[in-house]
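The following paragraphs lead the reader through one protein structure, from its overall features to individual residues. Please keep the sequence and the model in view while reading.

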Amino acid sequence: MNSLFTTHGACGESGTVTASHVGRQVSVTTKAKEPLAPDLMLVICSRDNLNRAYKRVKSNKGRAGVDGMTINELSAYIKEHREAIVSSLLNGTYKPELVKGVSIPKPKGGTRQLGIPTVLDRLVQQAIHQVLEPLFEPNFSDSSYGFRPQRSAHDALKSARAHVSSGLDWVVDIDLAKYFDQVNHDILMSKLAREIGDKRVLQLIRRFLQAGMMINGVVTVRQTGTPQGGPLSHPLSNIMLNELDKELENREHKFCRYADDCNIYVGSERAGKRVMQSVKQFLSSKLKLAINEDKSAVAQVNERAFLGYRIGLNGNLSISADSLKRMKDKVRHLTKRNRGVSLESVIHSLNRYLPGWLQYFSLNTGTSIFVKLDSWIKRRLRCYRLKQRKRRWPIAKYLMSLGVCRQNAWQLAMSDKSWWRKSHNPIISAAMPNKWFYTLGLFSLHRKAEALKA
């Protein structure tokens, strides 16, 4: 569907508000040099902006909100109610629905609270996001990398590596305590009001911030926080933390921030402790935010992890121990020996997971770790294949079908060793060699890593 929304009211097709409305032309792709006049909502409600927002929300998919409407049902709803939707935005009467609260496990334990807006609210949030981004983006720090256009975690890691290579091998590792749950609404709204003159937009954003959250049928009122799950959450968090970025720049610190994870690089432990104390005071007094004392620390860079990597004292990047553990846990789940699916299906599942994992960790210096992981994964698959045969005669018969002599096949089939120990037997490795797995289409971490570095 190319155009669910049609031109509405005074706003033209291009999503540009003319000078007759705001005293000058304002494009959704142009940075304003002064607070926008009272017609910013017209830009948000332009046909092109709303249609772009719909396409983005649809491509992101995601769960239904509290109203149960799925992304596939949104198109029909818009066709029937688009005039009422746009009118409510323009006259300031649009009210967000409750947010659906969902808890997901954190990699290092505990849970993270997500807030899933309805699909219609996600569309409206995305439309606002698309207008706010070009307005605030030019003022963001070059050392901020999270959830920004043309920037990624890899960019943050490369910058961090450069800081360490320059001799700043101590890090002030700051983790904000439940940041997305603790953002002060009044402070955030004051920052938005410096750039936005349309009170309807400010009012709507505050409504989104304060929308109640439903968890297991119980509604809680929110006075703080920007729950993760909606398109506005991350841009608003960057707007809030931009003041921290600017403070660090004014102090001429070298740092990298990705969302609420901030690493400041210094030359000594003494300097690090001094910076940690001053930053804690700044966050508390200016932004009403606290750091997580258990997860924050001053240490040499090789003792900490940043975005899943460990940075060596020479600047080399390697996969952190926690990241390797999470990866192996995932592979163990996919190759669990009681899944009851074919080996080809298991390999298909691995092939969906491994390329993306490798792409993220392709900055790892060297490829030896990928050789070891490939070997471990193939052993998991050999173990899986043996376990499928279960009893001695099927095991022996299967091994003989792969070319193993009768004596060796029965020797292994009669063994009382565990499935995992059997999978490491030279007989099994010969029966199911590396080449055999590759003929079945198994993705090779090592081969791909070598190709990426070529």
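Predicted model: local features only at pLDDT ≥ 70, side-chain atom pairs only at ≥ 80, totals over all residues.

Residues are numbered from 1 along each chain as its sequence is written, and side-chain values use heavy atoms, with hydrogens and water left out.

The C-alpha atoms fill a box of roughly 90 × 60 × 45 Å along the principal axes. The protein has 20 helices and 11 strands; these are DSSP runs numbered from the N terminus, helices being H or I of at least four residues and strands E of at least two. Of the 454 residues, 48% are buried, where buried means under 20% relative accessible area, exposed over 50%, and partly exposed in between (1.4 Å probe, protein chains only). Among contacts between residues at least 6 apart in sequence, 73% join residues at least 24 apart, a contact being heavy atoms within 4.5 Å.

Four strands form an open sheet of mixed pairing, in the order β2-β1-β4-β5; two strands pair if DSSP finds at least two bridges between them. At its edges lie β2 (111–116) and β5 (218–220), each of which pairs on one side only. From one strand to the next, the twist averages 40°, with axes fitted as lines to C-alpha atoms and angles running from 0 to 180 degrees between N-to-C directions. Strand β1 (residues 99–105) runs antiparallel to β2 and is joined to it by 6 bridges. Within this pair, Pro105 stands opposite Thr111 in β2.

Two loop residues have a positive phi without being glycine. Ala259, in the loop between β6 (254–258) and β7 (261–266), has a phi near 55°, and Ala259 is buried at a relative accessible area of 5%. Leu307 lies in the loop between β9 (305–306) and β10 (309–311); its phi is about 55°, and Leu307 is buried at 17% relative accessible area.

Is Asn250, by comparison, buried or exposed? Asn250 belongs to helix α10 (residues 233–250) and is exposed, with a relative accessible area of 62%. Asn250 and Leu373 are 123 residues apart in sequence, and their C-alpha atoms are 44 Å apart in space.
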